[in-house]
Amino acid sequence: MITLRSAHVSVDGPDDPDVVWERYAAPDLWPTWAPQITAVDYPLPRIAPGVGGTVHGLAGVRVKFTITQVDEPRRLWTWRVRIGPLRMHLDHTVSAGPRGGTTTELTVDGPPVLVHAYALASTIALRRLVGFSNG
């Protein structure tokens, strides 16, 4: 049996929350800010509940996913990802930052080895998402 674990990542940055949300909402843009993503196969221009796709990562890794919830006015979305028999659940939010700009938060639930690896990679990606181009 695989024990589930959680990680929480929060990143502040200078870009406007509406701009940051648009970078999340359009899967074609994910490779522009997430260096671990090389391409995304997704049938729609924007994320939508119940719609799935494939993220292509480094070294030929392919990750199947399904968007489970999208709340555009509140700028939040969730998805489930599958890597072989392993599963993770990810919750994302975008909000106005405490000193302007944006705060984005991510909570990841899944097998400990994946959760910890993803939390590290996501910190770099989320810094780019909110406007820090140097990661």
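Here is a short chat about the helices and the sheet of this predicted model.

Author: Quick ground rules: residues are numbered from 1 along each chain as its sequence is written, and side-chain values use heavy atoms, with hydrogens and water left out. As the model is predicted, local features need pLDDT of at least 70 and side-chain atom pairs count only at pLDDT 80 or more, while totals for chains, interfaces and linings use all residues.

Reader: Which residues of helix α1 are called buried?

Author: P17, V20, W21, Y24 and A25. Buried means under 20% relative accessible area (1.4 Å probe, protein chains only). Helices are DSSP runs of H or I with at least four residues, numbered from the N terminus, and α1 covers residues 17-25.

Reader: What puts them on the same side of α1?

Author: They cover an arc of only 135° around the axis, so they sit on the same side of α1. That arc is taken from the directions from the helix axis to the C-beta atoms. In general, an α-helix has 3.6 residues a turn, so residues three or four places apart point the same way.

Reader: What caps the N-terminal end of α1?

Author: D16 does, with a side-chain oxygen 2.8 Å from the backbone nitrogen of D18.

Reader: How do you know which strands are the edges of the sheet?

Author: Two strands pair if DSSP finds at least two bridges between them. The seven strands run in the order β1-β7-β6-β5-β4-β3-β2, forming an open sheet with antiparallel pairing. β1 (5-13) and β2 (37-41) each pair on one side only, making them the edge strands.

Reader: How many bridges join β5 to β6?

Author: Eight, and these two strands run antiparallel.

Methods: Buried means under 20% relative accessible area, exposed over 50%, partly exposed in between (1.4 Å probe, protein chains only). A polar contact is a pair of N or O atoms within 3.5 Å; within protein, one must be able to donate a hydrogen and the other to accept it, and residues adjacent in sequence count only if both atoms are side-chain atoms.
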